[in-house]
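Please look over the chain below. The report that follows takes it one region at a time.

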Amino acid sequence: MESLHEPLDAENCGLPMALEAMGERWSFLLLRAAFNGLTHFEQFVGIGIARNILANRLTKLVEHGILLRQPQEDDRRKVIYRLTEKGIELLPAMIALREWGEKHGLGVPSNPVLIDKRDRRPIAPVTIRAQDGRVLAYEDLAWADWAELARDEATRPAEEPA
């Protein structure tokens with residue numbers, strides 16, 4: 001990568017905020033369970049987490065807006081946890097981490113495999129893509145300042161109408 005790099009302080013980067021919300025093993029495993037349809041406290045206990053840690057992690061995920069805690073409609077004494085839109089947006093990161101673990105830990109793809117419902121085919125690997133859809137490698141990436149990009153855009157010739 002080129003000489004410009006992202007600031008490494010915690011205030012100017014989204015990664016520390018994301019790690020504050022999700023940077024603990026049980027949080028990821030609870031999120032995986034939620035993506036798999038678990039909604040009740042007792043169901044989450046089944047992943048092998050201690051009840052006190054579970055209560056703490058669920059509270060944290062709710063506080064960060066990743067899960068929504070609400071009374072169950074048919075029995076208001078019971079509580080369900082549902083993914084919020086913010087939580088659902090973590091799916092690509094979860095898939096990328098799973099793929100990395102399969103490649104560098106397991107050495108083989110996990111089973112079951114995540115598929116496209118329409119075509120019933122395994123999803124493509126998570127990649128970094130350019131605006132035009134090209135898959136980018138680490139060597140293809142560079143950091144740029146937003147102001148610099150705005151200047152570039154202002155001086156770029158207008159595209160011909162299609």
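## Glu102 and its contacts

Glu102 touches Gly107, Val108, Pro109 and Ser110, leaving aside residues up to four places away in sequence. Glu102 itself sits in helix H6, residues 91-106. The model is a predicted one.

Is Glu102 buried or exposed? Its relative accessibility is 14%. Buried means under 20%, so Glu102 counts as buried.

Helix H4 covers residues 51-63 and has 13 residues. From first C-alpha to last, H4 reaches 18 Å. That is close to the 18 Å expected at 1.5 Å a residue.

Which residues of H4 are buried? They are Leu54, Arg57, Leu58 and Leu61. Viewed down the axis of H4, the buried residues fall within an arc of 100°, so they line one face of the helix.

After H4 comes Gly65, with a positive phi near 75°.

Helix H2 spans residues 25-35. At its start, a side-chain oxygen of Glu24 comes to within 2.8 Å of the backbone nitrogen of Trp26. Arg25 lies over the face of Trp26, at 5.0 Å from the ring centre.

Trp26 is buried. Just after H2, Gly37 takes a positive phi of about 95°.

## The aromatic pair

How many aromatic pairs does a search of the whole structure find? The search finds one. Phe44 and Tyr81 form this pair, and it is edge-to-face. The centres are 6.3 Å apart, with 70° between the planes.

Phe44 lies in helix H3 and Tyr81 in strand E2, so the pair ties together parts that are 37 residues apart in sequence. Both Phe44 and Tyr81 are buried.

How values were computed
Residues are numbered from 1 along each chain as its sequence is written. This is a predicted model: local features need pLDDT of at least 70, side-chain atom pairs count only at pLDDT 80 or more; totals for chains, interfaces and linings use all residues. Side-chain values use heavy atoms; hydrogens and water are left out. Buried means under 20% relative accessible area, exposed over 50%, partly exposed in between (1.4 Å probe, protein chains only). Helices (H or I, at least four residues) and strands (E, at least two) are DSSP runs, numbered from the N terminus. A polar contact is a pair of N or O atoms within 3.5 Å; within protein, one must be able to donate a hydrogen and the other to accept it, and residues adjacent in sequence count only if both atoms are side-chain atoms. The expected span of a helix is 1.5 Å times one less than its number of residues. The arc is that of the directions from the helix axis to the C-beta atoms. Contact means heavy atoms within 4.5 Å. Rings of Phe, Tyr and Trp (its six-membered ring) pair if their centres lie within 6.5 Å; planes under 30 degrees apart count as stacked, over 60 as edge-to-face and the rest as tilted. A charge sits over a ring if NZ of Lys or CZ of Arg is within 6 Å of the ring centre and within 35 degrees of the ring normal.
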